[in-house]
Amino acid sequence: MKPLYGEFDLGIDEKCRLSIPAELRRAIDPEKDGTSFYVVEGDNGALWLYVESIYESMAFRSETDLMPEPDLVEFDQLSFTLATKVDLDAQGRVLIQEKILRRAGLGKEITLIGVRDHIELWNREAWLVQREKLRARRQEIAERARHLRHARSQGAAKTN
């Protein structure tokens, strides 16, 4: 899959349908990635949409265990029970249940952002605030990301 990127101010219609911009749909190969999305609550409180192939790959990335640690059980309960699979219709829309939109604090006016391997849905006003916070901390965030990527590459080099 190609990276998902960009910022789109959109509306959710009266039937709770959201149009996925064509620009983002073109980054998804239905043959490899599927034609559905999984909607999950992200750590930042926004709704995250993952294409089938990415979500299913992440879901089975770690091994299952007959006696998992309680923290892992709680994480799985939180992550999988609140996930919903939604299909992309012929017009490029997904139907998101009203209770999911309410739980995420989303009204009819949202901002959709592409974030590498997923799409995030934000309340438009909340996104404007978050975007400005991120912009104000741009240098700090870039430096921390560089350190994290360096540490990960060093760890990967040690295991090879």
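A nonpolar core is here a set of buried Ala, Val, Leu, Ile, Met, Phe, Trp, Tyr and Cys residues joined through side-chain atoms within 4.5 Å, where buried means under 20% relative accessible area, exposed over 50%, and partly exposed in between, with a 1.4 Å probe and protein chains only. The structure is a predicted model, in which local features need pLDDT of at least 70 and side-chain atom pairs count only at pLDDT 80 or more, while totals for chains, interfaces and linings use all residues. Residues are numbered from 1 along each chain as its sequence is written, and side-chain values use heavy atoms, with hydrogens and water left out.

The largest nonpolar core has 26 residues, and those that touch the most other members are Leu18, Ile20, Phe37, Leu47, Leu112, Ile119 and Leu121. Two or more residues come to this core from each of strand 1 (4–11), strand 3 (36–41), strand 4 (47–51), helix 5 (98–103), strand 7 (109–116) and strand 8 (118–123); helices (H or I, at least four residues) and strands (E, at least two) are DSSP runs numbered from the N terminus. A second, separate core of 10 residues includes Tyr38, Ala83, Ile113 and Trp127. In soluble globular proteins, nonpolar side chains tend to be buried together.

Not counting residues up to four places away in sequence, threonine 111 touches several residues, among them Phe8, Asp9, Leu121 and Trp127.

Tyrosine 50 and tyrosine 55 form a tilted pair, at 6.5 Å centre to centre and 45° between the planes, and both residues are buried. The rings of tyrosine 55 and phenylalanine 80 are edge-to-face, because their planes stand at 70°, with centres 6.2 Å apart. This pair links distant parts of the chain, since tyrosine 55 lies in helix 3 and phenylalanine 80 in helix 4 (residues 70–81), 25 residues apart. Phenylalanine 80 is partly exposed, with a relative accessible area of 37%, whereas tyrosine 55 is buried at 11%. One aromatic cluster is formed by Tyr38, Trp48, Tyr50, Tyr55 and Phe80.

Helix 3 (residues 52–59) also contains isoleucine 54, which counts as partly exposed because its relative accessibility is 22%. Not counting residues up to four places away in sequence, isoleucine 54 touches Met1 and Asp117.

For the chain as a whole, there are 7 helices and 8 strands, and 31% of the 160 residues count as buried.

Conventions. Contact = heavy atoms within 4.5 Å. Phe/Tyr/Trp six-rings, centres within 6.5 Å; stacked < 30°, edge-to-face > 60°.
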